[in-house]
Amino acid sequence: MSHLVIVDGHAVIHRAYHSIPPLTRNGQPVNALYGFYSMLLSAIDVLKPSHLIVCLDSPGPVSRSQEFIGYRAKRKPAENDLLVQLPLLPETLKTANIPSIAMGGFEADDLIATITKKYTKKIKKITIITGDKDLMQLVTDTINLFVPVRGLSETKIFGPAEVKDKLGVPPSLVVDLKALMGDMSDNYPGVSGIGPKTATELLDKYSSLDSIYSHLDEIKSSIKEKLTNDKSNAYLSQKLAKLIDNIPLKFRLKSSRLNEDIYSGLQILFTDYGFKSLASRLAKKNPQKPLVTVQSNQTSLF
């Protein structure tokens, strides 16, 4: 069965950084990289993809910051030990022969949305590896999320039922939920004074943001007042939360097929970085290829 796995690169490496104890190679922090590739090996083992692609954020301003100057304004800056590892991700993916894609002005989420829209009818199954709840809006019967939980030690598959259980709304209403309650992480304003409970109750009754505003006269006065006062913020937040799915990407599905070159590339990468345990795990998955020996002048990590 054709199965495309899309990795939300920076979301996973951020999670890895906070899950793996500090590790260095020649004075360079590498714990985030180690955790990223450990997660990747686990995902390949569990999901058994036929195709694999990593989507990456690009440095510089993105389209949402042009729409709303306060976008992500309250996020704490990333720690320096993580920042110095981020440029290594595309470099190491190239060494590993794993295809990756990025485009200036767009976030990885938007690239993922574009790819899933383009190929959802051309491939049997799509799984997105991420820790980002924004991507729950993409979930369908054939598009799932593979989410690390408890650091990287456990994972959970999110289909439509799991999204509904987690957020209180189906995937089709995730954007409208964020429009009402906002998003502290991305600094979407939402409607002041409306939290998850009220937002889910409104969407359960009226089915969409538009319908809520079409039935304001039916809503009790205190909530009606909040909705009326913050209508512009609600629709701004809806626009910011909705992923862009029509980016003109130069991505072709055949370029992402999982093949022997990836296993060979990963062996070289793990040897270069001294990731001895990852090299051993890889050799067990791909026994027909000899394990590349870690050189004695390199530090072996795990």
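Helices here are DSSP runs of H or I with at least four residues, numbered from the N terminus. With that in hand, welcome to a predicted model of a protein with 14 helices and eight strands. Of its 302 residues, 50% are buried. Among contacts with a separation of 6 or more, 70% join residues 24 or more positions apart.

**Ser 256, in a loop**
- Ser 256 sits in the loop that links helix H12 (231-241) to H13.
- With a relative accessible area of 0%, Ser 256 counts as buried, because the cut-off for that class is under 20%.
- Setting aside neighbours within four places in sequence, Ser 256 has contacts that include Ser 50, His 51, Leu 52 and Ile 53.
- Leu 4, Pro 99 and Phe 251 are also among the contacts of Ser 256.
- Ser 100 lies 156 residues from Ser 256 in sequence, yet their C-alpha atoms are 8.7 Å apart in space.

**H13 and its partner H5**
- The axis of helix H13 (residues 260-273) comes within 8 Å of the axis of helix H5 (residues 88-95), and the two cross at roughly 130 degrees.
- H5 is therefore oblique to H13.
- On the H5 side, Leu 88, Thr 92 and Thr 95 take part, and they meet Gly 265, Ile 268, Leu 269 and Tyr 273 of H13.
- Sorted by class, this contact has four nonpolar residues, three polar residues and no charged residues.

**Leu 227, in a helix**
- Leu 227 belongs to helix H11, which covers residues 221-229.
- Leu 227 is buried as well, since its relative accessible area is 0% and the class takes in values under 20%.
- Beyond its neighbours within four places in sequence, Leu 227 is in contact with Leu 180, Val 191, Ile 194 and Leu 202, among others.
- The list for Leu 227 also includes Ile 212, Tyr 213, Leu 216 and Ile 219.

- If you are looking for open space, the second largest pocket holds about 210 Å³.
- This pocket is lined by 13 residues, and those closest to its centre are Ala 113, Gln 137, Leu 138, Lys 242 and Asp 245.
- Helix H6 (residues 108-119) gives the largest share of the lining, with three residues.
- The lining of this second largest pocket is made up of five nonpolar, five polar and three charged residues.

Notes: Residues numbered from 1 in each chain as written. Predicted model: local features only at pLDDT ≥ 70, side-chain atom pairs only at ≥ 80, totals over all residues. Heavy atoms only, no water. Buried < 20%, exposed > 50% of the residue type's maximum accessible area, 1.4 Å probe, protein only. Contact = heavy atoms within 4.5 Å. 1 Å grid on protein atoms, 1.4 Å probe; cavity = no way out; pocket = protein on both sides within 12 Å on 5 of 7 lines; lining within 4 Å. Points joined across faces, edges and corners; volume = space filled by probe spheres on them. Nonpolar A, V, L, I, M, F, W, Y, C, P; charged D, E, K, R; others polar. Axes fitted to C-alpha atoms, helices over the stretch in contact; angles between N-to-C directions. Parallel < 35°, antiparallel > 145°, perpendicular 65-115°, else oblique.
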